[in-house]
Amino acid sequence: MPTKKGQSLEEKLAALHAWFQSNHEFYTLKEIEQRGSKACKISLMQIKDLVVNLVNEGLVQQEKCGTTNLYWSFGFTQHKLKLDRVQKLKEECMLKEGRIQQLQTDLDALYAERDVAKLPNRAEELQRLECLKQQLSLCKKQHEQFQDLEKIEHLKKGIDFFNELIENIVCYVSERAMVSQAEIRNEFNIPFELEDPPEMSKAN
């Protein structure tokens with residue numbers, strides 16, 4: 001393969017890569033140094049570095065077979081790599097487009113939440129929320145009233161108990177001391193009829 005003298009690094013890489021693809025064969029590094037350097041008119045001492053460069057760029061494939069490294073570069077392999085790369089880029093683009101659309105949707109939603117005029121339902125929801133808050137406050141007040149009623153009912157039961165106890169004591173003392181209940185009530189200022197605790201109306 002004729003090449004001009006004083007080739008640049010890029011030209012040497014291109015020449016060696018073209019030599020690989022001119023034959024669908026596998027080469028050891030020694031074979032590349034012998035045959036490739038001669039075909040491309042490149043110094044044998046530079047071949048190894050050039051091969052490493054091509055491998056790093058993905059233009060030449062390398063596989064270890066036992067203790068020997070094999071190198072090759074087939075045209076259809078490069079074509080497939082390019083197709084795979086294109087497909088991967090397309091998938092990445094689709095993911096990024098989807099992400100952009102999602103971000104735009106989220107952004108629109110944020111703007112919409114701040115603009116009541118564009119979302120009439122927002123005003124209704126706010127009104128409904130305020131109504132629910134009022135209902136909750138009313139329920140709390142009613143709960144407190146019911147708790148107060150329970151305390152009052154407990155006091156009423158206590159008053160009824162003590163009224164009955166006083167009546168029993170008056171009756172007991174009257175029988176034991178042979179004194180009328182009227183005299184006992186007058187002596188200790190006990191009413192003849194103890195008042196019942198007032199009835200409490202239920203909270204609405």
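Q: Why is C171 called partly exposed?
A: C171 has a relative accessible area of 31%, and since buried means under 20%, exposed over 50% and partly exposed in between (1.4 Å probe, protein chains only), C171 is partly exposed. This is a predicted model, in which local features need pLDDT of at least 70 and side-chain atom pairs count only at pLDDT 80 or more, while totals for chains, interfaces and linings use all residues. Residues are numbered from 1 along each chain as its sequence is written, and side-chain values use heavy atoms, with hydrogens and water left out.

Q: What makes C65 partly exposed?
A: The relative accessible area of C65 is 49%, which falls in the range set for partly exposed residues.

Q: How many disulfides does the structure hold?
A: With a disulfide taken as a pair of cysteine sulfur atoms within 2.5 Å, the structure holds zero.

Q: Why does V51 count as buried?
A: V51 has 2% relative accessibility, and the limit for buried is under 20%, so V51 is buried. Leaving aside neighbours within four places in sequence, V51 is in contact (heavy atoms within 4.5 Å) with L16, L29, I32 and Y71.

Q: What makes β1 and β2 edge strands in the sheet?
A: Strands are DSSP runs of E, at least two residues, numbered from the N terminus, and two of them pair if DSSP finds at least two bridges between them. The open, antiparallel sheet has the order β1-β3-β2; β1 (27-28) and β2 (61-65) each have a single partner strand, so one side of each is left without a neighbour in the sheet.

Definitions and conventions. Helices (H or I, at least four residues) and strands (E, at least two) are DSSP runs, numbered from the N terminus.
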